[in-house]
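How do two protein chains meet? Take a look at the structure below, then read on.

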2 protein chains.
Amino acid sequence: MAVKQSIFEIFSEENTSGVAYRNKAFKRAIINHLDQTGNSTITDLAQEMNISVPKITSLINELMTDGLVQDYGKEDSKGGGRKANLYGLVADSAFFLGVDVKQYYINIGLLDFKKNLVKAEMHVPYELSNTREAFDQLVKVIQTFISQLPEEHRNILALCLNLSGRINSENGYSYSYFHFHEEPLSTILEQITGIRTFLENDSRAMAYGEFHNGLVKEEKNVLFVNMDYGIGLGIMIDGKIYRGKSGFGGEFGHIPLFANEIICHCGKKGCLETEASGQALIRLFKEKIAQGSTSVLVQQNKIPDNLRLIDIIQAAKNEDVLCIELIAELGEKIGRGISVLINIFNPELVILGGILAETGDYVRLPIRSALNKYSLSLVNNDTQLHMSKLQEKAGVIGGCLIARDKLLSVQ
Amino acid sequence: MAVKQSIFEIFSEENTSGVAYRNKAFKRAIINHLDQTGNSTITDLAQEMNISVPKITSLINELMTDGLVQDYGKEDSKGGGRKANLYGLVADSAFFLGVDVKQYYINIGLLDFKKNLVKAEMHVPYELSNTREAFDQLVKVIQTFISQLPEEHRNILALCLNLSGRINSENGYSYSYFHFHEEPLSTILEQITGIRTFLENDSRAMAYGEFHNGLVKEEKNVLFVNMDYGIGLGIMIDGKIYRGKSGFGGEFGHIPLFANEIICHCGKKGCLETEASGQALIRLFKEKIAQGSTSVLVQQNKIPDNLRLIDIIQAAKNEDVLCIELIAELGEKIGRGISVLINIFNPELVILGGILAETGDYVRLPIRSALNKYSLSLVNNDTQLHMSKLQEKAGVIGGCLIARDKLLSVQ
DNA sequence: ATTTTTTAATAAAAATATTTACTAACTGTC
DNA sequence: GACAGTTAGTAAATATTTTTATTAAAAAAT
């Protein structure tokens, strides 16, 4: 595969200095520019990048022989003058894989070089646990997905695995899951799949997906709240993922916001997660039922020990009063947590995502009113609050984009 | 002044393109490099910057005729071979002014091009209020300071004014103080003083000072907690000041952490500042006295209506038990607030600064123990907690550095 | 003390990039 | 429909930058 070779040559920083080095940097910058502003003319590129037209021309020509860039024909008329050729990325020249592992299923998808989601398989059944069997099962899911791809979609340059918990995406170690080897998990997966592998925390990957392919337009400072069994936070600062010193940043679920006596699974008391997470929701629901409250779920005999979050969400969507009430309470509490974030970050946009976001206004309105109540109105007025646009696909797309952008050294 | 002319030419981005533009960028990069890693040889610069030796040579020569760079003689021996010349910045080639406005005094100082604090006047008496008189008074303080400088220190390229409250340092507007004109405050000051002027929030300026001239070595993600009458927060992310969308980021004092009924001056209830600020300290002290507690301050008849924070701090330093106790309680509460920050940011370093930091261990130890109690131990263990090294000079130095770095387009 | 090794600085040659000038291609107006 | 006005693309000339080779200077080894 000549194309694949060339691409790696461009994106590796080894064995080059001087002119060759600079040309590679220029090519990456061109790819980036085409990526972000769409197809461009040579004149545009020259102006934007402060390089002369002939130089850009020769770089573009090289990128075309590499198969990464393509001539998309003449520009639309925009006043007088000769029409310029538009150059843009070639969608099919490279692909990236995103693997989003949830508690009870996996979402997996493929992105092309132009950030189109080529294929996605959602809710592949899977049970996440920290065992070798679960890891083998995960590998099998990935391999099956790849094997079912048509030949022309198999030029996969990189993949990203999203896991919850402690992830150090710089060195590729996962501490909460699958930490069986000396080597980083990313290396292990790389050896098995033969594909360059990156790791990322699930909430951060979702934030990245929403940031680059969702509803974010101009904003640079964005918070993504992942409302699932736990409460995750993805922080985008200046257009980049914020990870903190060791990748533990965004432990929003464990800020001490309540004066309760519930021991969180992290060992502390008063964590946000003890009152305002999917887990807490299930606990509170069971408590209410025990106290004699009624719900559709009781009537349907759907309250076994392993009652799932999705059941409560479904019930709420079917107008079950108890579930709706509990979700509103949850929203109020999460809202108080988000107020803290808004005061500290003064973000342009807060995105509500995760499976609980599928309850729509049931959770959004209580959050909104809590924000008014608890955060500085000045700062609050500055901040937009939106529901995730990509919804359950955010993780997959985010993973693909992280794989892509890490390879292109954008991230 | 030939020097001044040249410097501005380098730092303005106007009227240039192509080669000239790139050379300016190169020169700035060289200045930056010399600034951060100290005096360097031409070979070093060439390698670091991926430019050829002759090119660096000619750029350095130009910078020397500009008066910004100087030949510092031969390098120390480091193995065999010919000794290389060391080139470095010229300290006296340019100066920057930092004006740090506090509630009851102003700190003002001058930094040279090599970041040495040439002169500083601390605690110039002043009463901050949002009036034209107070602004005129401020201008007078600045002008007096400048007029007392020796001739060779008057090449001031820029100044930065630190104010508390809402500051948009991008457009130079101050909303909390001196918002009398249509034009941004920075423009007004620029017209009066004839010096390029920048504005910054006081806590952010202190954070910047500590970051670049204090105890920060390698860390890139650092939080600075400014404990004064209010509680401020300076956030350094990836080595840069984080300001948020409109410059309101870091409103740490107003996160809703308490379930009390005290109305904060921001209008909300339960703000951190209502329980854990200098203001709160004074309130609590007066309450205790009213309840019959005793203190050195009472005996000394020092409790008028305008009891100041500095009195309580002094009393604590003189072993006044009540003041020490109250400061410990304050520390515990601030610690709970900082726990939130640590969980969210996973910072490498948290610096305690502001006037209350002068109480040393009296405030540090309760904070430390609160961190252990309230933040995830995993994340907490990752974080160093230190007292400010620059102490009361942090604001002045930070202001000077901001002026310098904004002008050099580093910030 | 002389030679060898190592590194810096400089000069000249080669490679590379930018300007400038020119031609091509298009729009709109008289 | 010719012509003026614009903008794109290309070729040649000019300018700049990098390479390579050479010389200079210092430390280590003989």
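## Size of the interface

The model is predicted. In it, 47 residues of chain B are in contact with 47 residues of chain A. The size of an interface is often given as the accessible area lost when the parts come together. Here the buried area is about 3800 Å². Carbon and sulfur atoms give 60% of that area.

Which residues of chain B lose the most area to chain A? They are B:Lys245, B:Pro256 and B:Ile344. Together they account for 17% of what the chain B side buries.

## Polar links

The count of residue pairs in polar contact between chain B and chain A is 28. Both residues of each pair have pLDDT 80 or more.

The rule also finds 2 salt bridges across this interface. One of the salt bridges joins B:Lys240 to A:Asp238. The closest N and O atoms of this pair are 3.3 Å apart.

## What chain B brings

Several elements of chain B give two or more residues to the side that touches chain A. Among them are helix H2 (18-37), strand E11 (231-237) and helix H13 (361-374). The largest share comes from H12(B), with 7 residues.

What kinds of residue make up this side of chain B? They divide into 19 nonpolar, 16 polar and 12 charged.

## Domains of chain A

Chain A is divided into domain 1 (2-92), domain 2 (94-208 + 395-407) and domain 3 (217-388). The C-alpha centres of domain 1 and domain 3 of chain A lie 44 Å apart.

Notes. Residues are numbered from 1 along each chain as its sequence is written. Chains are lettered from A and ligands numbered from 1 in the order in which they are written. This is a predicted model: local features need pLDDT of at least 70, side-chain atom pairs count only at pLDDT 80 or more; totals for chains, interfaces and linings use all residues. Side-chain values use heavy atoms; hydrogens and water are left out. Contact means heavy atoms within 4.5 Å. Buried area is the accessible area (1.4 Å probe) that two parts lose on being put together, summed over both. A salt bridge is a side-chain nitrogen of Lys or Arg within 4 Å of a carboxyl oxygen of Asp or Glu. A polar contact is a pair of N or O atoms within 3.5 Å; within protein, one must be able to donate a hydrogen and the other to accept it, and residues adjacent in sequence count only if both atoms are side-chain atoms. Helices (H or I, at least four residues) and strands (E, at least two) are DSSP runs, numbered from the N terminus. Ala, Val, Leu, Ile, Met, Phe, Trp, Tyr, Cys and Pro count as nonpolar, Asp, Glu, Lys and Arg as charged, and the others, Gly among them, as polar. Domain bounds come from an automatic or database domain assignment.
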